[in-house]
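Subject: Structure handover

Hi,

Here is the structure you asked about. Please open it next to this email and follow along.

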Amino acid sequence: MTVQPFPDLRGVQELFWKLVTAPEGVVPGAAGLHREGALESEDLSFLVPPTGRLGPAEQLDIYADMYFHRLRDCLAEDFPALLARLGGARFHNLVTDYLLAHPSSHFSLRELGRALPGFLGGHPLGRELPALADLARLEWARADVFDEADGAPLSREELLRLGAADPEEARLSLIPAVRLLRLDASVLPLWKRLDAGENAGEEAASPAAPHGETSAVRVWRKGFAIFHRSMPPDEERCLQMLARGGASLAALGELLAGAELPGAPEAELAQRFAELLDLWTEDEILTLRIPRGQSISSTSKEK
Amino acid sequence: MVIVPDLGHGVGLRREHFDRVLSDRTRVDWFEVISENYMVKGGRPLQVLERVRRDYPLALHGVSLSIGSADPLDRAYLDRLRDLAARIEPAWVSDHLCWTSIGGHHAHDLLPLPYTEETLDHVVWRVRAVQDHLGRRIALENASSYLRFAGSSIPEWEFLGEVAHRADCGILLDVNNVFVSAVNHGFDPEKYLAAIPAQRVWEIHLAGHSDRGSHLLDTHSTLVCDQVWDLYRFASRRIGAVASLVEWDEDIPDWETLEAESLRARDAQCEALAPRDGAA
């Protein structure tokens, strides 16, 4: 039998990668590569010589274990409710499947879980428990806003000044650390129970709300704290308008009057609009959409 | 040759200690952070970093440069590292002598290199390219390893020294990693330390490891062990006073325990550098 020659640098790294990411371990991985013709034999000593204590595959398995456990721990940190809902064994299997389909393609572990909610939607676990993918979407949104760009939120006083000066022109938008979602209606109560450490168990797997009923949810960062809450339809419509490219106070008012509260008395409209503005400024999610080349202070002075 | 400052004795800054570090002056001299954790758009980590930087010297220590990868250098990564360095003005930027990605996939682990002439040329060229891109020299750290490649023909200590010489970069000497690899591969750790070019060493790392029976694992999860303290004193005698840092990344202890470990490093270095009996 010929001894396989030691590969060049790229060959070493490509083979190493295939072996340590093989889902069932290094030995089955080497057997698979041998069957495919990529290895002349299952014996890996041409790559890694045995030591007195460990064979080639055992040495490579150290890296295989570290690879999987580090990435699983990272996903567990970003999706704690999903882990609590699934339990360790099923979460472990989900991560195995996910990493096979979506090996990390970004230098930062922060990005590792970005595709997990979508992946879960097409995974057998997601089909078995339809709310799971939305639970993951909620958790990813919370993780995503954690280190999103800082905004310059408008205070209620600043908003009033702008509105009084020129409600047609002062253009508002959302701070970067806001995400607008539409989730299965069972997700927020499920998250709350899981976050409180309650065993959601099988009861939570069968949501009270029939699947298909959704609720609008916003996730945001205020200061350094992460929040989420459900939204009524009028708030969702307004925030969607702000997220799409901003809107003036006047345009938001028209949206409320025309689409959300048609025919409502003017006083009722004004009261609802004031409630929403109070809520958004209290949550610090509104900012001024600044024309290129202007600062907030210069914009304010112009008003 | 770059003259780097002796920053004294520091620790790796981890989020578990953010509040303590911000609340009051600590007894450590400086901090090091994982670069990638701060290559973000905003939020608390960046704000904490900037506040800490106002009060302490700081170094950026990366884990994703992948200097030994056969893939092309990730220019987007380098741009972000350069931007972060411009924002923080660290004492220096470092990463590891390893590879972390291939085929566009990232292992998020410090993977071992075959120490061959091909790899040496490749790493030297890439360190130069990185330094050109960043507009600053970098330091490379020896990583712990759990295997040696059959094709390796150069001892790690020679490889590291040659990279530093030919690429004109610094060395971040991790004495715990030297110890872990020495036990795993059966070489003499003092021989390793004695071969490292002292004038290239910008920083020394200390950390704890775990004994897994068949091998030692570099877990950064415990106190520094006695053998590593001995090696640190040995290295200090050879290299002189150089910035030293304690890393602790798993089972992170309370601040006082970590700070005490840093103070212990200060004492150990003082002891190593004190004139010996009979010395003039």
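First, a term: two strands pair if DSSP finds at least two bridges between them. Strands themselves are DSSP runs of E with at least two residues, helices are runs of H or I with at least four, and both are numbered from the N terminus.

Some ground rules. This is a predicted model, with local features needing pLDDT of at least 70, side-chain atom pairs counting only at pLDDT 80 or more, and totals for chains, interfaces and linings using all residues. Residues are numbered from 1 along each chain as its sequence is written, while chains are lettered from A and ligands numbered from 1 in the order in which they are written.

**Chain A: the sheet**

Start with β2 (178-184) and β3 (214-222) of chain A. They pair in the antiparallel sense over seven bridges. A:Asp184 has A:Thr214 of β3(A) as its bridge partner. A:Arg179 stands opposite A:Val219 in β3(A).

β3(A) also pairs with β4(A) (225-231), again antiparallel and over seven bridges. Here A:Trp220 is bridged to A:Phe227 in β4(A). β3(A) and β4(A) form a hairpin with two residues between them. In that turn, A:Gly223 has a positive phi of about 65°.

Together this gives an open sheet of three strands, in the order β2-β3-β4 of chain A, with antiparallel pairing. Which strands stand at the edges? β2 and β4 of chain A do, each with a single partner strand, so one side of each is left without a neighbour in the sheet. Neighbouring strands are turned by 25° against each other on average, direction ignored. A general point for reading the side chains: in a regular strand they alternate between the two faces of the sheet.

**Chain A: the helices**

For the angles below, axes are lines fitted to C-alpha atoms, for helices over the stretch in contact, and angles run from 0 to 180 degrees between N-to-C directions. Angles under 35 degrees count as roughly parallel, over 145 as roughly antiparallel, 65 to 115 as roughly perpendicular and the rest as oblique. Residues are in contact if their C-beta atoms, placed from the backbone, lie within 7 Å. For classes, Ala, Val, Leu, Ile, Met, Phe, Trp, Tyr, Cys and Pro count as nonpolar; Asp, Glu, Lys and Arg count as charged; the others, Gly among them, are polar.

α1(A) and α2(A) pack at about 125°, with their axes 8 Å apart. That makes α1(A) oblique to α2(A). A:Lys18, A:Leu19 and A:Val20 of α1(A) meet A:Val26, A:Gly29, A:Ala30 and A:Leu33 of α2(A). That contact has five nonpolar residues, one polar and one charged.

α2(A) (26-36) and α3(A) have axes that come within 9 Å and cross at roughly 110°. That makes α2(A) roughly perpendicular to α3(A). α2(A) brings A:Val26, A:Val27 and A:Ala30; α3(A) brings A:Ala57, A:Leu60, A:Asp61 and A:Ala64. Six of these residues are nonpolar, none polar and one charged.

**Where the chains meet**

37 residues of chain A are in contact with 34 residues of chain B. On the chain A side, the elements giving two or more residues are α1 (9-20) and α3 (56-78). α3(A) gives the most, with eight residues. By class, this side of chain A has 22 nonpolar, seven polar and eight charged residues.

**Chain B**

Chain B has nine helices and twelve strands. Eight strands close into a barrel with parallel pairing, in the order β1-β2-β3-β4-β7-β8-β9-β12. The twist averages 30° from one strand to the next. Within chain B, β4 (93-97) and β7 (138-142) pair in the parallel sense over five bridges. B:His96 has B:Glu141 of β7(B) as its bridge partner.

Now two helices. The axes of α6(B) (175-185) and α8(B) (226-239) come within 9 Å and cross at roughly 120°. That makes α6(B) oblique to α8(B). The contact is made by B:Val175, B:Asn176, B:Val178 and B:Phe179 of α6(B), and by B:Gln227, B:Val228, B:Leu231, B:Tyr232 and B:Ala235 of α8(B). It has seven nonpolar residues, two polar and no charged.

Finally, dimensions. Along its principal axes, the C-alpha trace of chain B spans about 55 × 50 × 40 Å.

Best wishes

Conventions
Two residues are in contact if their C-beta atoms, placed from the backbone, lie within 7 Å.
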